[in-house]
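Trainee: I've just opened this one and could use a guide. Can we go through it together, one question at a time?

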Protein chains: 2
Amino acid sequence: MELSDRKKAILQAIIEDYIQSAEPVGSRNIAKNHDLGLSAATIRNEMADLEEMGYLDKPHTSAGRIPSEMGYRFYVDSLMHRYSLTMEEITSLQSSMDRKYSQLENVISEISEIISKTTNYPAIVELPAENSCRLKSVKMMLIEQGSVLIVVVTDAGVVRNRHMKVGSNIDYEVVDSISEFLSGQLTGLCAEDFTPARLMLIYEAMASYGDFLKTVIEFVLECLGNSKSRVYIGGASNILNNPEFENIDRAREFLTFIDRKENVSRMLSLTESGNDEHISIKIGSENQAPEMRDTSLVVANYNVGGKLYGKIGIIGPKRMNYARVVSSLELINSQLSEILSRMLYGDKE
Amino acid sequence: MELSDRKKAILQAIIEDYIQSAEPVGSRNIAKNHDLGLSAATIRNEMADLEEMGYLDKPHTSAGRIPSEMGYRFYVDSLMHRYSLTMEEITSLQSSMDRKYSQLENVISEISEIISKTTNYPAIVELPAENSCRLKSVKMMLIEQGSVLIVVVTDAGVVRNRHMKVGSNIDYEVVDSISEFLSGQLTGLCAEDFTPARLMLIYEAMASYGDFLKTVIEFVLECLGNSKSRVYIGGASNILNNPEFENIDRAREFLTFIDRKENVSRMLSLTESGNDEHISIKIGSENQAPEMRDTSLVVANYNVGGKLYGKIGIIGPKRMNYARVVSSLELINSQLSEILSRMLYGDKE
DNA sequence: GTTAGCACTCGAAAAGGTTGAGTGCTAACA
DNA sequence: TGTTAGCACTCAACCTTTTCGAGTGCTAAC
């Protein structure tokens, strides 16, 4: 059953008042503060209807109404207006992100700080996970007598390295020739191409360096394997600024939940991924975790060079200013993509 | 003025009872639960003395006594017994740390999780900072047409890398010869050795690749520069399990403080560093932050290969089981040193 | 269909009362 | 002289009761 325009207007007024005040909204307030041309009594009738239809809840008989999850869902899908960030907000955000980042980990933690400062909610940043990697380059270098560094580059642009102890009989030239050889054998392969038959050939060709080869190949495979996506959470304590977390037990329950990264990962995996532009909003129980019952998750996807995927987002009370959060995340997201592609692929701005 | 043995025994009893119960301790309870052979009235007199001397506080007239900061200080310095972890505790801790770590960041976050799980307090892990680096090795590799990877290894065993875009005129052999050349020129140097005169010579020798050289040298310098130590905090919500944080405003104040890494860094810098074995305890206001007024910081130093330094620790209520925390940190610390040296220098166990 | 009016509901906050753990002090005791 | 029993006093914590007011649902009039 379709909602009449009048019901929509009332629903919107209630939700927006509630987002603002965190107090159940009564019919009188709606009549007074919104120019709907209706009396409190009429609004009361409509509210009773909206409640019956499932868009509103009542904490108890003599309180006002609060939006139900269905109400919020309808609001973000159909009623919410776009929020335009002010010029100051935009420039301040941009300038806070306009600095030189040298390491991936730094970017992640800085970004999460920026997100939580901008929105005043706990921020989530997912470290990019590599997808379907091919080996672009593998090289060994003798660092000093007995110690070799393995460097692996995948086509996602990700570089990893590992130290390896080797016998002192191995000198510069041996390392170079093994490096050359393995590079020729392995470049361009993905994990599935490492068949026993192929490995056998490699080992046979350089049988006297079996241990050496084995360590390198193991490491390469580790790099090609789908890396676990990692999750970073910043500004968790921000959630305590919201009246729904005045209760210490509730606060503890939520913060303990958030502290465990696997919980956050699981929720992130429930949000849509892929499409660069899309922002997904999961309200309360849609996150399938009881600890999230009065919070929502807002997530944006980023994507660098078509190879690296990740997500950024926030967790706020269901009663959050969705429009504003969405706009902020969109802006931060686009900046982040730029920073990362500059950093990982050396693109000039 | 020296404390009599009897006063010491009473002080210790009070502190240990308070650590256990978090409730002000009364004279009657001490008399009943501890075999001091004294009546409540006598203990009352001694308590009045201890209060006058500054070792005890009274929340209000008709409550029991609680230890003052001076009381805690005296306790950890002179009264506290060593706590011996049980065999089960030791083996369970060891087995939880006995897995393969592949990346530094993983170790850090896993360790912080282990610390906070073991102690039930928020954990702090400081990422190792490098000291006084020398360049051990620098190498460039052509990853694909137009894209070069710079790999830098310092004598602290730390490896960093960066992508660099180059003109398409630069091929495999050019990269190799520049790599060879720079390696010869720069290996063994520390940041101070990069004098203008020396740089001039380098630029002149390969004038046609000026941009290329400049980028590499900048990156090398960045790697040699003292890296900012970074701090990782895990299990912050654990603090909420303690009755001193029942009050939501107090909880928010503390968690907000802890969320800002620079606050934690500043506190860490107040603790002693250097000596590998030493554990330092800062009680309440000794941390010089009002937000820490009823918490203590317990920190252990670790040190890998004489080159990498860092700290691990916890923040708990002043009323924590110091003895137990100290023992746990000692054990975790020694395991961590092993893990890191294995990882960074490839040492076999 | 809309609105004014009114009785009713129920949580939040304020006010008052009770309880009990703990203290300090005094006087008696070894 | 140090120790102890006894007693009056204090005060936060808890419980109960009362008051208050925002909000509702329903009815009757417009």
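Trainee: How many bridges join β5(A) to strand β6 of chain A?

Mentor: Bear in mind that this is a predicted model. β6 covers residues 147-154 of chain A, and β5(A) and β6(A) run antiparallel. Within the pair, Met140(A) sits opposite Ile150(A) of β6(A). As for the bridges joining β5(A) to β6(A), the number is eight.

Trainee: Which strands stand at the edges of the sheet?

Mentor: Start with the order: this is an open sheet of three strands, β5-β6-β7 in chain A, with antiparallel pairing. An edge strand here has a single partner strand, so one side of it is left without a neighbour in the sheet.

Trainee: What angle does α9(A) make with the direction of β7(A)?

Mentor: Two helices come up here. α7(A) lies across β5 and β6 of chain A, at about 170° to β5(A). α9(A) packs on the sheet too, touching β5, β6 and β7 of chain A, and its angle with β7(A) is about 155°.

Trainee: Are α7(A) and α9(A) parallel or oblique to each other?

Mentor: Look at helix α7 (residues 172-186) and helix α9 (residues 210-224) of chain A: their axes come within 12 Å and cross at roughly 45°. Because of that angle, α7(A) is to α9(A) oblique.

Trainee: How many nonpolar residues are in the contact of α7(A) with α9(A)?

Mentor: From α7(A) come Ile178(A), Leu182(A) and Leu186(A), meeting Phe212(A), Leu213(A), Val216(A) and Ile217(A) of α9(A). The contact has no polar and no charged residues, and its nonpolar count is seven.

Conventions
Residues numbered from 1 in each chain as written. Chains lettered and ligands numbered in written order. Predicted model: local features only at pLDDT ≥ 70, side-chain atom pairs only at ≥ 80, totals over all residues. Heavy atoms only, no water. Axes fitted to C-alpha atoms, helices over the stretch in contact; angles between N-to-C directions. Helix = DSSP H or I, 4+ residues; strand = E, 2+ residues; numbered from the N terminus. Parallel < 35°, antiparallel > 145°, perpendicular 65-115°, else oblique. Contact = heavy atoms within 4.5 Å. Nonpolar A, V, L, I, M, F, W, Y, C, P; charged D, E, K, R; others polar. Pairing = 2+ DSSP bridges.
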